[in-house]
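Here is a short report on a metal site and a helix. Look at the model first, then read on.

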Amino acid sequence: MLSILPVPILQDNYVWLLRQGERALVVDPGDAAPVAARLAELGLTLSAILLTHHHGDHTGGVAELAAIWGCPVYGPAGIPMVTQSLADGDSLQLADMDLRFEVLAVPGHTLDHLAYYGQGVLFCGDTLFACGCGRLFEGTAAQMQHSLARLLALPAETLVCCTHEYTLSNQRFALAVEPGNSELLWRSRTDAARRERGEPTLPSTLALERATNPFLRWAEPAVRAAARGQGAANDEPVEVFAALRRWKDGFR
Ligand code: ZN
Ligand code: FE
């Protein structure tokens, strides 16, 4: 029996906690205290920490949690706290939980960024967000578009667990790109109501992202037209994506 829950930390981050029986793994613990409190409350033993990339809001709590639990830390090779480094194409099998993940390199937001896919769940860090995607801090638009295309190829029912609650502001931008997307309109109302109740908007599904996330919709005529209006020179996926990303960077 597997269950998954977001632990809110810092300003708008989520640490994902995947629970199997008495054991758990956590992804991107940027702060230790709220995660330790949640584990204690649920009576869970921490079996592993997974990291998607090196940013402090994803790694700030790792040293403290690893010291408390003595558990392995999986992630990109360049992060000092990582005890078992992973790269594209690796498969991660945990010793004391019955879980298996495929590791995908998804450069763009950072160059070291990894995503983990297994048990129908995708941990995608700051690469794919609900109705959005990460900023290009280190990589190029071509790298990010290629990374997103790889995630898009996973099964439609995949649960998307990203690391920030950026959904409502992403949806304001998405509606500027595609004001006529009825599924997006429906989703943005549903998610606004969730936030009013203090609930997370995540996880979503890849099917929902395909239908409503402009950064995955480079093939849609309406998205291509909007990208042209923002300087895209042609309808190539990378060109459409790059125009949207630049537009969003300056969007208020
Ligand atoms: Zn980041
Ligand atoms: Fe982040």
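Which residues coordinate the zinc ion (ligand 1)? In this predicted model, the donors are H53 (NE2), H55 (ND1), H109 (NE2) and D126 (OD), at 2.2 to 2.3 Å. Along the chain they follow the spacing H-x1-H-x53-H-x16-D. The 4 donor atoms subtend angles of 89 to 171° at the zinc ion, which makes the arrangement irregular. H53 sits in the loop between β4 (45-50) and α2 (56-59), and H109 in the loop between β8 (100-105) and β9 (114-118), so this pair ties together parts that are 56 residues apart in sequence.

The iron ion (ligand 2) is 3.2 Å from the zinc ion (ligand 1). D126 coordinates both.

Are H53 and H109 buried or exposed? Buried means under 20% relative accessibility. The table gives the values.

| Residue | Relative accessibility | Class |
|---|---|---|
| H53 | 0% | buried |
| H109 | 3% | buried |

Now to helix α5 (residues 167-177). Its buried residues are T167, N170, Q171, F173, A174 and V177. Seen down the axis of α5, they fall within an arc of 160°, so they line one face of the helix. The general rule is that an α-helix has 3.6 residues a turn, so residues three or four places apart point the same way.

What covers the buried residues of α5? The cover includes the strands β11 (128-129) and β12 (132-133). It also includes the helices α6 (182-196), α7 (206-212), α8 (221-229) and α9 (237-249).

Definitions and conventions. Residues are numbered from 1 along each chain as its sequence is written. Chains are lettered from A and ligands numbered from 1 in the order in which they are written. This is a predicted model: local features need pLDDT of at least 70, side-chain atom pairs count only at pLDDT 80 or more; totals for chains, interfaces and linings use all residues. Side-chain values use heavy atoms; hydrogens and water are left out. Donors are N, O and S atoms within 2.8 Å of the metal (3.2 Å for Na, K and Ca); water is not among the atoms, so sites may look incomplete. Four donors count as tetrahedral if all angles lie between 85 and 135 degrees; four count as square planar and six as octahedral if opposite donors are over 155 degrees apart and all others between 65 and 115; anything else is irregular. Helices (H or I, at least four residues) and strands (E, at least two) are DSSP runs, numbered from the N terminus. Buried means under 20% relative accessible area, exposed over 50%, partly exposed in between (1.4 Å probe, protein chains only). The arc is that of the directions from the helix axis to the C-beta atoms. Contact means heavy atoms within 4.5 Å.
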